[in-house]
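Here is a briefing on a structure, written for a first reading. Please look at the sequence and the model before going on.

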Amino acid sequence: MKRILSWAAIAVGVVYFFLPLVGMLEFSLKMRRGEYSLDAYRSVMGDPQFQATFGYSVLMACLTIVFGVLVVVPTVFWVRLKLPRLRPFMEFITLLPLVIPPIVIVFGYIRLFNTSSWLPLTGSALGTDFLLMCGYAVLALPYMYRAVDTGLAAIDLRTLTEAAQSLGAGWITVLARVILPNVLVAVLSGAFLTFAIVIGEYVFAALLDRPAFGPYLVWAGGNKAYEPAALAVMTFALTWACMMLIQLATKFSKHTRMPH
Amino acid sequence: MAYLDLTALQKSFGANQVVKSFDLGVAKGEFVSLLGPSGCGKTTVLRMVAGFETPTVGAIKIDGQDVTHLRPNQRNIGMVFQAYALFPNLTVAQNVGFGLKIAGVSAAETAARVADMLALIGLPDMGARYPFQLSGGQQQRVALARALAPRPRVLLLDEPLSALDAKIRVSLRAEIRDIQRKLGITTIFVTHDQEEALSMSDRVVVMNGGRAEQVGAPFEIYNHPKTRFVAQFVGTLNTLDAIVIDPAGGEVTVQGQPLRLPQPIAALRGATVGLALRPEVVHLEADTAQISRGDFALPARIAAVQFLGAVIRVKAETAAGEISLDLFNRPDAPPPPLGAEVALRFRGQDVIVLA
Ligand SMILES: Nc1ncnc2c1ncn2[C@@H]1O[C@H](COP(=O)(O)OP(=O)(O)OP(=O)(O)O)[C@@H](O)[C@H]1O
Ligand SMILES: [Mg+2]
């Protein structure tokens, strides 16, 4: 009886989760009357605005990942090595982006960095891009921090650092040659999560008025019939591809397997 | 002046003074062990030499150069850790070549030096493996090769053998000492295992509570301990009370029997002094009837017999307390039975007078 009930619960869950997806997929294939076709996808791919916004968001995602890694890895490394008492504080800080709504953050940015402020970042496209990247990095911080922190917890940070130092390595070398390679898998999983977040993000890009993929999705949803379904399916596929890449990265790190 | 010179080193963590005025000179090519109980400051001294801790007071010189305030990566010192600390993402060869690469040594020379080091540690074919594919003993040998590859001025080892099983520990001892001799590298070895310290070192520093209690060759430390702590920490020790009869002539009585010590005693007539005896200087006389009147002999009863192979450790109960003694195993002389009445004999020159 219990088994039947739990199977029923799983079935309900699966239907609840997958039915809309299947429906959306089916709908995205029905652009041509009377038969299934990939016309909607072809139309999306051919849309220059899609190409521009998608390209922009991919670029922003990559920049955000690089920026996030450069900020988070050395910080977590230093806190774990020299200021372990600050760890609870770090945990708290890095949770804030999950608690504070993005709209609040972005309004804060606009107030702080508008054209009449001490640092008028929003005055130029490039400055706004930089601001947007920082915003994305903040949104991704909870995931990036946790991924890197878990990665660093798995290695004997202090002894490895000291071993490298006694062999002549300075801080940069320690980070680049010893720490980063050993937390690469963790960093990668943080990176893919960051990618997934940035690709779908709407609020920041819309309010800072940058030509990103999120606002394009919303615009397409309001102005086209079949293409939004195709776009949604593609976005889902991309996110899942990221998840699978995380799994693969974990699998292919041959040296992190421990003998005991 | 010594090659490695530690002068009046002190180290405090907050209000806790961990190292209190530590002096040591190590000659070039010498192997010195720091031996002492847990928490006595051995690792702290080593970490100050390596540069991971800055002394609160004092100076460290290597070959005449003051390195007290140099960063660890500027000191050219090799370090081997208890936990191996090999870089898990690098192969054995890359680990060994790590220091050379940082020093800017050419690829060809690095490869040659790495091959030399791997041959030296007896793992010539393991260069392509990753650390997790090696046993603990092999990992520690690779760590040694990695520390030695950049030709450091000083080699520091912090309990490098404690994480290994007993058998490998003993064989690696000899191997490390061999390599150290071959390269003639000045070495400080930290351990809390006295057997390790005594068997490997040119000199041993016995530490207690942040101070060096005695510095000397193993033979010296074992046979002529300067303080009660050294006597008791190094080796097994039996203690007996004796009453001084003639301080200048070194005459005492133990349990009413006269005993002459080779040196004068720094105590007044009639005072009680502590005598210490190593288990191997006490002889066991099974046939008490053989003892002639006037010879020194303590009556005793066998309380425990531990057969260790080459050595048989016997515990005997006397009026002055329990005494441990070691007998060499001989096929024609079985150990005495429990409860047997025996006599214990020892010579005045084998006795250590405890201060
Ligand atoms: N970074 C530190 N901060 C505060 N106290 C410390 C620090 N490092 C060491 N100590 C203290 O200094 C004392 C000596 O430590 P040390 O590690 O030098 O001992 P040790 O002789 O190496 O002992 P063991 O044989 O257990 O390794 C200990 O009481 C320890 O608690
Ligand atoms: Mg220690």
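The points below cover the ligand site, the contact between two chains, and the build of one chain.

This is a predicted model, in which local features need pLDDT of at least 70, side-chain atom pairs count only at pLDDT 80 or more, and totals for chains, interfaces and linings use all residues. Residues are numbered from 1 along each chain as its sequence is written, chains are lettered from A and ligands numbered from 1 in the order in which they are written, and side-chain values use heavy atoms, with hydrogens and water left out.

**Ligand 1**

- The residues around ligand 1 are Phe13(B), Val18(B), Ser38(B), Gly39(B), Cys40(B), Gly41(B), Lys42(B), Thr43(B), Thr44(B), Glu159(B) and His192(B); a residue is near a molecule if one of its heavy atoms lies within 4 Å of it.
- By class, this shell has 3 nonpolar, 6 polar and 2 charged residues. Ala, Val, Leu, Ile, Met, Phe, Trp, Tyr, Cys and Pro count as nonpolar, Asp, Glu, Lys and Arg as charged, and the others, Gly among them, as polar.
- Helix α1 (residues 42-50) of chain B supplies the largest share of the shell, 3 residues. Helices (H or I, at least four residues) and strands (E, at least two) are DSSP runs, numbered from the N terminus.
- Oxygen atoms of ligand 1 lie 2.5 Å from a polar side-chain atom of Thr43(B) and 2.5 Å from a side-chain N or O atom of Thr44(B).
- For Cys40(B), a backbone N or O atom is 3.2 Å from an oxygen atom of ligand 1.
- The protein buries 59% of the 640 Å² that ligand 1 exposes when taken alone; accessible areas come from the Shrake-Rupley method with a 1.4 Å probe, and for residues only the protein chains shown count as cover.

**Contact between chains A and B**

- Chain A brings 21 residues to the contact and chain B brings 22 residues, where contact means heavy atoms within 4.5 Å.
- About 2,100 Å² is buried between chain A and chain B, 67% of it on carbon and sulfur atoms. Buried area is the accessible area (1.4 Å probe) that two parts lose on being put together, summed over both.
- There is 1 salt bridge between chain A and chain B, meaning a side-chain nitrogen of Lys or Arg within 4 Å of a carboxyl oxygen of Asp or Glu.
- Arg47(B) and Glu162(A) form a salt bridge, with their closest N and O atoms 2.8 Å apart.
- On the side of chain A that touches chain B, α7 (157-166) and α8 (171-182) are the elements that give two or more residues. Of these, α7(A) gives the most, with 7 residues.

- Chain A has 12 helices and 0 strands.
- The C-alpha trace of chain A spans about 75 × 65 × 35 Å along its principal axes.
- Over all chains, the structure holds 23 salt bridges.
- Arg80(A) and Asp149(A) meet in a salt bridge (3.0 Å, N to O). Arg80(A) lies in helix α3 (residues 48-82) and Asp149(A) in helix α6 (residues 125-153) of chain A, so the pair ties together parts that are 69 residues apart in sequence.

Conventions:
A polar contact is a pair of N or O atoms within 3.5 Å; within protein, one must be able to donate a hydrogen and the other to accept it, and residues adjacent in sequence count only if both atoms are side-chain atoms.
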